[in-house]
Amino acid sequence: MKILIVDDLEANRAMLAWLLMEDGHDVIEAENGQQAIEQFRSENPNLILMDVVMPILDGIEATRTIKSQLDGQYVPIIFLTALDNEEDLKRCLDAGGDDFLSKPFSETVLKSKIKAHKRIQSMTEQLTDQHKELVYLHNHMLKEQEMAELVFNQAMKSSLRECKNIRSHISPASSFNGDVLLSAESPTGSVYILIGDFTGHGLPASIGSLPLSQTFFAMCKKAFSVGEIASEANALLMKLLPDHMFCACAVLELNRTGDRLAVWSGGLLDGYIVTEENGIERRIESMHMPLGVMSQDDFDSRYEVIEVKTGQVIYFYTDGIPETENVLGEFFGEERLESLLKKGKKDHFDDIIYGVQAFRGSLTQSDDVTLLALSAGSIVFESGTHYTSPEEQLEMVMPWKFEVMLEGSEIARYEPVPYIMELIGEHPSLRHHKEFVGLLLSELYANAVDHGVLGLSSIDKKTDDGFLEFYQKRAEGLANLCEGFIKIQLTLDAERRCLIITVKDSGTGFDTTVSHEVMDDNYSFGRGLPLMQSLCNKVEYLENGSRVQLHYPLDQAA
């Protein structure tokens, strides 16, 4: 250590210097307090042995000056003094002294005190270094959070904010929100909304919201159903999230006229349909598991379609509302929430927000809070938002035709309908008809394989044994198939506003009267023709049934 000895008597300094150098310390000296300050500034000693009574400047004033210039360093000052008055010793410590030793002092005690302060100094330096590192890391983390927050905010900007039917309140418990609320306009003029609650809150919980939002916006642009959006989001989160994380979520779509609400809800608390006249008219129950829990094989994409009317408001919320606590440790709960949704109240939205805030009082918010209110009735957008109707889309698109041919063993190897449905989903004029077109194609293709190429008859399926025998023959026929063909052709006729679906097979035709029979519930076949007739303007069996042509109207409600 480098030790500064401050004493006005040369003999005292010489004795102390000899003792300290014997232990391997470097020694510098000062005759008074003024020299001590100068030596401290120039030599930067590790420890100071300070006399009290000295000329020019005493030890107490010198100590006070030195301590004011340390800037976070730990440089211990030990007073060596003949003073034994308690008040004088108190003045030494109050000035910044760290210890004292009375003259005449013990050599052993002096060396022990120096070792003790050396240990304290070493620990202080370690703490200082750690503090500097923590400050650096903290500042670095703040910068990264600012950057991440900017990225999240930019990603969420795509969310629709111009729809007068939507009212929302979002209050995160920290800088990052574990809740997610997204909205978007579809090409058909409907409005999609996704409200979700990831496990936990803060940055870890918000990580999944970024990829989820990108998937949501991309699928809304293509007018996918709420079930398809939920399924795709589930597949994404299953890949990204750790096992302990998931997203309780509801995906909603309110159609352009505002009288039909499609809902897929998984793990989120029940929603409400509320009116001023009646209060709560209906609960919308969650029917599925949260996103990120079930594998795609087990995932259920079925959704509910609810008829709604002007004057009704649909409420959804995250668990931050019922799980809000007050100073007594009580939860806000669903009963208090439902009591705010009583009849005779026009503005339930503000009642809920103010009610939750008043219940929490002065306590810090412990969880993310999100509330959504969706008003039924025709969708109204602010200026600058335009929707293209299906009729306008048809007028802007040129005639379009698609054809695929499968031959021989290709019929057994490939399943063309899903591939065609992917193309349909990409087309702006066809995507919102995807499900119905898929039903029609599946029916036509199955008939072309079974009755056309393989020459099987559905009559065999009237009995249990015949049903089993039918599918045994089908499996054997496909396994040995080396001839025959099936041609699928889709033509978009913009002038007649219809999609013409044609399926031709290599068979000799079949007796179409079986499909015309009125089948009862005991039979699992023969319903294809009624299905096609209910969806299409025109159904034609041509070339003895080996070619079927449908005219599916595109100006009907999807």
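Two residues are in contact here when they have heavy atoms within 4.5 Å of each other. Among contacts in the protein chain between residues at least 6 apart in sequence, 69% join residues at least 24 apart. The model is predicted, so local features need pLDDT of at least 70 and side-chain atom pairs count only at pLDDT 80 or more, while totals for chains, interfaces and linings use all residues. Residues are numbered from 1 along each chain as its sequence is written, and side-chain values use heavy atoms, with hydrogens and water left out.

The protein chain has 17 helices and 20 strands, taken as DSSP runs numbered from the N terminus (helices: H or I, at least four residues; strands: E, at least two). Of its 558 residues, 46% are buried; buried means under 20% relative accessible area, exposed over 50%, and partly exposed in between, with a 1.4 Å probe and protein chains only. The accessible surface of the chain is about 28,700 Å², and carbon and sulfur atoms account for 50% of that surface. These areas come from the Shrake-Rupley method with a 1.4 Å probe, and for residues only the protein chains shown count as cover.

Leu-49 is found in strand E3 (residues 47-50) and is buried, at 1% relative accessibility. Not counting residues up to four places away in sequence, Leu-49 touches Ile-3, Leu-4, Ile-5, Val-6, Leu-16, Leu-20, Ile-78, Leu-80 and Leu-110. Between Leu-49 and Pro-76 there are 8.7 Å from C-alpha to C-alpha, with the two 27 residues apart in sequence. Thr-63, in helix H3 (residues 59-68), is buried with a relative accessible area of 0%. Leaving aside neighbours within four places in sequence, the contacts of Thr-63 are Met-50, Ile-77, Phe-79, Ala-95, Gly-96 and Gly-97.

Aromatic side chains come next. A search of the whole structure finds six aromatic pairs. Rings of Phe, Tyr and Trp (its six-membered ring) pair if their centres lie within 6.5 Å, and planes under 30 degrees apart count as stacked, over 60 as edge-to-face and the rest as tilted. The ring centres of Phe-216 and Phe-217 are 5.5 Å apart and their planes lie at 65 degrees, so this pair is edge-to-face. Phe-216 is buried at 1% relative accessible area, and Phe-217 also counts as buried, at 9%. Tyr-272 and Tyr-317 form a stacked pair, with 6.1 Å centre to centre and 10 degrees between the planes. That pair links distant parts of the chain, since Tyr-272 is in strand E11 (residues 271-275) and Tyr-317 in strand E14 (residues 313-317), 45 residues apart. Both Tyr-272 and Tyr-317 are buried. Phe-467, Phe-470 and Tyr-471 form one aromatic cluster.

The structure holds one cavity of 30 Å³ or more. On a 1 Å grid over the protein atoms alone, a cavity is a set of points where a 1.4 Å probe fits but cannot get out, and lining residues have an atom within 4 Å of a point. The largest cavity has a volume of about 60 Å³, a volume being the space filled by probe spheres set on the points, which are joined across faces, edges and corners. Ten residues line the largest cavity, and Leu-444, Asn-447, Ala-448, Asp-505 and Val-548 lie nearest its centre. Helix H14 (434-453), strand E18 (498-505) and strand E20 (547-553) each supply at least two residues of the lining, and H14 gives the most, with three.

Methods
1 Å grid on protein atoms, 1.4 Å probe; cavity = no way out; pocket = protein on both sides within 12 Å on 5 of 7 lines; lining within 4 Å.
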